[in-house]
Amino acid sequence: MKTKKAMATRPALKRKVAKASKDDLHVKIADAGNAPEVTTGEGGRYLYGIVEAKEQMTFGKIGIGGAGELVYTVKYLDIAAVVSKTAVYIFDPTRENALAHEHVIETVMKTYTIIPMSFGTVFRTDDDIREVLKSIYASLKDVLTQMAGKLEFGLKVNWDRDQIIEELKQEDEEIRQFHQEIIRKHLQSTYLARMQLGRMIDKAMAERSTQYVREIYEALRSVCVASRDNQPIGDKMIMNAAFLVERKREAEFDGVVNKIARKYGKRLKFKYTGPWPPYNFVNIRLKVERVTAS
Amino acid sequence: MAVERVSGGSSLIDVLDRVLDKGIVIDAWVRISLVGIDLITVEARIVVASIDTYLKYADAVGLTGLVARPQLTAVAEPEIAVETTRRVTRVPKRRTVRRR
């Protein structure tokens, strides 16, 4: 039910969120979505991530579910889970929910190193969460130490295929000659000739993309701790990478990204995002085990 | 051409790309079966099935291994393929199964 009426009842809530977050861009986008189902209730705990913690903390009323639940910590020894109250409910990864999840993590991340939970983890009680923290404590502690003071940045690189093809027709001697030949001589089997030209261009493009990506990695290598290469999405993207950067070298990393972007000018389009928590550098799989089985 | 950095939360695609299956993950069916279960009273415990952290740059694997392969290539280049496989080797890799 996304009626205008339903939307009209929400401004007060929205303003509150805006105040709490100070993140105008984010709020604007969250607002652009439809009115959310408000999920209230005290039955469960939504889990955002794990931090090191000496004391109890709160992060404002920015919890998932649209009710503005307080985000707080559940502590076990010197680590804590970042949670908010929620109904016991399976969250759909809607725009609103996914952004709320991310927004909480980003808020925590301004001050702490957080190991992010993937979307949609709900436990029943604070005690349950303490049980979980207890049973996986050593692993969490280890990962928190490894990720301390580090941030993730995303870098996607797209190119303008048409422009690159034009360039190749001018610059690549082999392709240029062959192309001229097709035009000039009206080769008998034009269709096959064109196929062959297509293959030549494909190959040259693959080489060129490999070269660009290599140059970009090379340039960033000295300013980051680690990198991961994800599968590019679509045929315009030549690079889909994540970089792990020391918090104190953030500005330096920024500088290099900008330098690279300037170098490639209009040929390559950079989509640079972050800071993120280290999603791409931590993978912890949890499972349920029967106590009686061990 | 300067590139502007946008905060993570401003791109839904990038958010979904990360939050759905990265970080600390509990398998979907477990997640669903957890709903309504009181961990303290049932005879079940959440344990670590596996841990991987990725803290290496290209040094150990050679740069070509990190190179994105454009999807349009029909021509296989075995040289790169080999290095790509090597890149997948996770360093340092650790597999932890904890039991009481």
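How many C-beta neighbours does A:Lys236 have inside 10 Å?

Guide: Happy to. This is a predicted model: local features need pLDDT of at least 70, side-chain atom pairs count only at pLDDT 80 or more, and totals for chains, interfaces and linings use all residues. Residues are numbered from 1 along each chain as its sequence is written, while chains are lettered from A and ligands numbered from 1 in the order in which they are written.

A:Lys236 has 14 C-beta neighbours inside 10 Å, so this residue counts as partly exposed (buried means 20 or more other C-beta atoms within 10 Å of its own, exposed means 12 or fewer, and partly exposed is in between, with C-beta atoms placed from the backbone). Its place is the loop between β7 (226–230) and β8 (237–246) of chain A (helices, H or I of at least four residues, and strands, E of at least two, are DSSP runs numbered from the N terminus). Leaving out residues up to four places away in sequence, A:Lys236 touches A:Asn158, A:Trp159 and A:Arg161 (contact means C-beta atoms, placed from the backbone, within 7 Å). A:Asp160 is 76 residues from A:Lys236 along the chain, yet their C-alpha atoms are separated by 6.8 Å.

A:Arg161 leads us onward, as helix α7 of chain A covers residues 161–171. The axes of α7(A) and α8(A) come within 5 Å and cross at roughly 90° (axes are lines fitted to C-alpha atoms, for helices over the stretch in contact, and angles run from 0 to 180 degrees between N-to-C directions). That makes the two helices, α7(A) and α8(A), roughly perpendicular (65 to 115 degrees; under 35 is roughly parallel, over 145 roughly antiparallel, and the rest oblique). Where they meet, A:Leu168, A:Lys169 and A:Gln170 of α7(A) face A:Ile175, A:Arg176 and A:His179 of α8(A). By class, this contact has 2 nonpolar, 2 polar and 2 charged residues (Ala, Val, Leu, Ile, Met, Phe, Trp, Tyr, Cys and Pro count as nonpolar, Asp, Glu, Lys and Arg as charged, and the others, Gly among them, as polar).

Now for α8(A) itself, residues 173–185. Of its 13 residues, the number buried is 0, so α8(A) lies largely in the open.

On to its next partner, helix α9 (residues 190–220) of chain A: α8(A) and α9(A) pack at an angle of about 160°, with their axes 10 Å apart. That makes α8(A) roughly antiparallel to α9(A). Among the residues that meet are A:Ile175, A:Phe178 and A:Ile182 in α8(A), with A:Leu197, A:Met200 and A:Ile201 in α9(A). The residues of this contact divide into 8 nonpolar, 2 polar and 2 charged.

Stepping back, chain A has 10 helices and 10 strands, and buried residues make up 41% of its 294 residues. Among its contacts between residues at least 6 apart in sequence, 73% join residues at least 24 apart. A:Lys236 and its partner A:Asn158 are one touching pair in that chain.

Chain B has 3 helices and 4 strands, running β-α-β-α-β-α-β from the N terminus on. In chain B, buried residues make up 29% of the 100 residues. The two chains also meet: helix α4 (residues 95–109) of chain A and helix α1 (residues 12–19) of chain B pack at an angle of about 70°, with their axes 10 Å apart. That makes α4(A) roughly perpendicular to α1(B).

How values were computed: The expected span of a helix is 1.5 Å times one less than its number of residues. Two residues are in contact if their C-beta atoms, placed from the backbone, lie within 7 Å.
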